Amino acid sequence: MVLKGKAGDGLVTPAEARAAGLSFEDPPEPKCRYCGRGLEPLGAALLGQVRWVSHEPCGCEGELAEQAERERREREEAEAEMARRIAASGIKRRFRNAQTSIPAAVSYLGRFGDIQGRGLYFRGGVGAGKTTAASAIARALVYTGYSVIVTTTLEMLDSIQDTYGTGAKSAEGVGRYGRCDLLVLDDLGKEGANSWAMTTLFQVVNRRYEEMLPTIVTSQYGIEEIERRLARGGERETAAAIASRLRETCEVVDLGNRDRRRRE
């Protein structure tokens, strides 16, 4: 049987239904609401009986104009929804159109679905492009449907601390950052190093480590130096545990110290 309408939709014309010996009531006589031309009805066959559910397209100017308008609205709605998801991910306005050509970042995106919890550690001086590279990765993954959170460590700790005033358990605050498909921790090393901050940071990093979920870190400091900075409040064991997990799971990408914001 030759199907009519969209490929694979299974709809049949009255002539096709008769040829196949299917049972059906007299078909309707639809007309184009724009030009008045008679249109051939289309039906869905189920258990040997046809139900008339649609009709062939007309193709007149009025119908085509409506289709174009509908597609425009759908496109705008899709773009608005993507903009909402990008904003909800935490990518800052300045970086919402970020792109990257850094080989390690491009390679990472290409194999993200099979990275087994592996992340990246972008080290570089002020203005080296760390946040741009991380945001470009985050943006691309949001577009492909992954759940992504981009945050500074300071913002994350403040957000978790705020859950204490809502009656939520601290584990729920940690859980938001511990379960997303990708977490980007921007500017690691700028946060305080008190006991609560280090314990909470460890909880997030460790949960992602245990669940084999990837984390991307940006920092002015290499992993050895970040361990010393995290330990400056006396939490040496916690700092060592955080650094150890980052060292094991993250590929270090050194972007150097040149400030790209400076005009030569």
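Me: How many disulfides does the count come to, and how do you know?
Reply: The count comes to zero disulfides. A disulfide is a pair of cysteine sulfur atoms within 2.5 Å. The closest cysteine sulfur to that of C35 is in C58, 3.5 Å away, so this is too far for a bond. C60 is in no disulfide either, as the nearest cysteine sulfur, in C32, lies 3.6 Å from its own. Please keep in mind that this is a predicted model: local features need pLDDT of at least 70, side-chain atom pairs count only at pLDDT 80 or more, and totals for chains, interfaces and linings use all residues. Residues are numbered from 1 along each chain as its sequence is written, and side-chain values use heavy atoms, leaving out hydrogens and water.

Me: Why is C60 called buried and C35 partly exposed?
Reply: Buried means under 20% relative accessible area, exposed over 50%, and partly exposed in between (1.4 Å probe, protein chains only). C60 has 14%, so C60 is buried. C35 has 46%, and therefore C35 is partly exposed.

Me: What makes β6 and β7 a pair?
Reply: Strands (E, at least two residues) and helices (H or I, at least four) are DSSP runs, numbered from the N terminus. Two strands pair if DSSP finds at least two bridges between them. β6 (residues 148–152) and β7 (residues 182–186) have five bridges, in the parallel sense, so they pair. In one of these bridges, V150 has V184 of β7 as its partner. β6 is also mostly covered, with four of its five residues buried.

Me: What makes a set of residues a nonpolar core?
Reply: The members are buried Ala, Val, Leu, Ile, Met, Phe, Trp, Tyr and Cys residues joined through side-chain atoms within 4.5 Å. The largest such core here has 28 residues, and Y108, F122, I137, L182 and I216 touch the most other members. Helix α4 (130–143) gives the largest share, seven residues. Contact means heavy atoms within 4.5 Å; beyond its neighbours within four places in sequence, I137 is in contact with A105, Y108, L109, L120, F122, L182 and I216.

Me: How do you know on which side or sides of α3 its buried residues lie?
Reply: The buried residues of α3 are A104, A105 and Y108. They cover an arc of only 100° around the axis, which puts them on the same side of α3; the arc is that of the directions from the helix axis to the C-beta atoms. The face turned away from the buried side carries the exposed residues P103 and G110.
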